[in-house]
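Here are my notes on this model, in the order I would check them. Please read them with the structure open.

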Amino acid sequence: MVRYIANKFFYMLVSLFVLISATFFLMKAIPGDPFTSEKKIPPEIKARLYEQYGLDKPLYHQYFKYLGEIAQGDLGVSMKRLNQDVTHLIGQTFSASLKLGLIAILVSVIVGVFLGMMAALYHRKFIDSAAMVLAVLGIAVPSFVVASLLQYVFAYKFHMFPVSGFKGPMYYVLPVTALSAQPIAFIARLTRSSMLEVLHADYIKTAKAKGLSWAAILSRHVLRNGILPVVTYMGPMTANIVTGSVVIEQIFGVGGIGKQFVEAIGVRDYTVIMGITIFYGVLLMVARFITDIAYVFIDPRIKLSGGKEG
């Protein structure tokens, strides 16, 4: 188990290094810099800004200097905001994103598993068809389209929820719905297909023959084995919700980290873009790491080397 965790941790560090390097060079490859749009800055002041942030140095020098700072846990300071530390900026805005993301993940799992379970138990009946139609719509329609529709119908037309902002429980409803629509659809389909397979398995027939109650069969065997694909999907789902929140936060005016990221891209604030990308990357890798470990505990048939026992 220790070797398995060490291997996963090593690959996590390699992935993080690749992410940092790729983001750094791609960002530098884009024409312009944070001070390109500052047309009224005198050349001598512009030169001093370049010197202050190290932009006058060769690219390899900037790269290794940034790696050295990252190794010390220093994400630098914003190039567009006066005396704004990137770590402090992330800390200030992450709480709103965290609340939104956690609620969306919770809603996705509960509603998705429930829909999938009902579709499997009422296979080829109206409930099954209705759940699958909702699932197809959830997968097919992008989250930003869902967000705009929700905003227009429930906020603008019927005034049931606030259009934007993040000041109380009612402000969570529309952003969470938009963020969780696609994960709910995926989880519902995964749960349905997995539970249908389990329901026709021999050990379920044996359990029925032994006189075990249907509630016990459902809770001990069907649901536990049926949600295994959902556990596998938790890592990608977290990625989907985290990356999706960048757009959703902008649409609903949530002052979270996603909104800061979009604004930083608009003004090419290198240090903020890199800092938030690294922060998101670490979050996603940790989520995937926890999912891998949890999967081993839930399904004992999984070998610690990565495969299933034959």
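1. Fold. Along the sequence the chain reads α-α-α-α-α-α-α-α-α-α-α-α. That is twelve helices and zero strands. The C-alpha atoms occupy a box of roughly 85 × 55 × 30 Å along the principal axes.

2. Confidence. This is a predicted model. The mean pLDDT of the chain is 83, and 93% of the residues reach at least 70. Helix H3 (residues 59-71) has the highest confidence, at 90. Helix H10 (residues 228-252) has the lowest, with a mean of 77.

3. For residues 306-310 the pLDDT falls below 50. This stretch still has eight contacts in the model beyond near neighbours in sequence.

4. Helix packing. How are H4 and H11 oriented to each other? Helix H4 (residues 86-121) packs with helix H11 (residues 257-267) at an angle of about 125°. Their axes lie 7 Å apart. Angles over 145 degrees would count as roughly antiparallel, and 65 to 115 as roughly perpendicular. H4 and H11 are therefore oblique.

5. Residues at that contact. H4 contributes Leu89, Ile90, Thr93, Phe94 and Ser97. From H11 come Ile257, Gly258 and Gln260.

6. Surface. Which residues make the nonpolar surface patch of about 510 Å²? They are Phe10, Tyr11, Val14, Phe17 and Val18. Of these, Phe10 lies in helix H1 (residues 2-29).

Methods. Residues numbered from 1 in each chain as written. Predicted model: local features only at pLDDT ≥ 70, side-chain atom pairs only at ≥ 80, totals over all residues. Heavy atoms only, no water. pLDDT = per-residue confidence, 0-100. Helix = DSSP H or I, 4+ residues; strand = E, 2+ residues; numbered from the N terminus. Contact = heavy atoms within 4.5 Å. Patch = residues over 30% accessible without salt bridge, like charges linked within 9 Å, V, L, I, M, F, W, Y side chains within 5 Å. Areas by Shrake-Rupley, 256 points an atom, 1.4 Å probe, with all protein chains shown as cover. Salt bridge = Lys/Arg side-chain N within 4 Å of Asp/Glu carboxyl O. Axes fitted to C-alpha atoms, helices over the stretch in contact; angles between N-to-C directions. Parallel < 35°, antiparallel > 145°, perpendicular 65-115°, else oblique.
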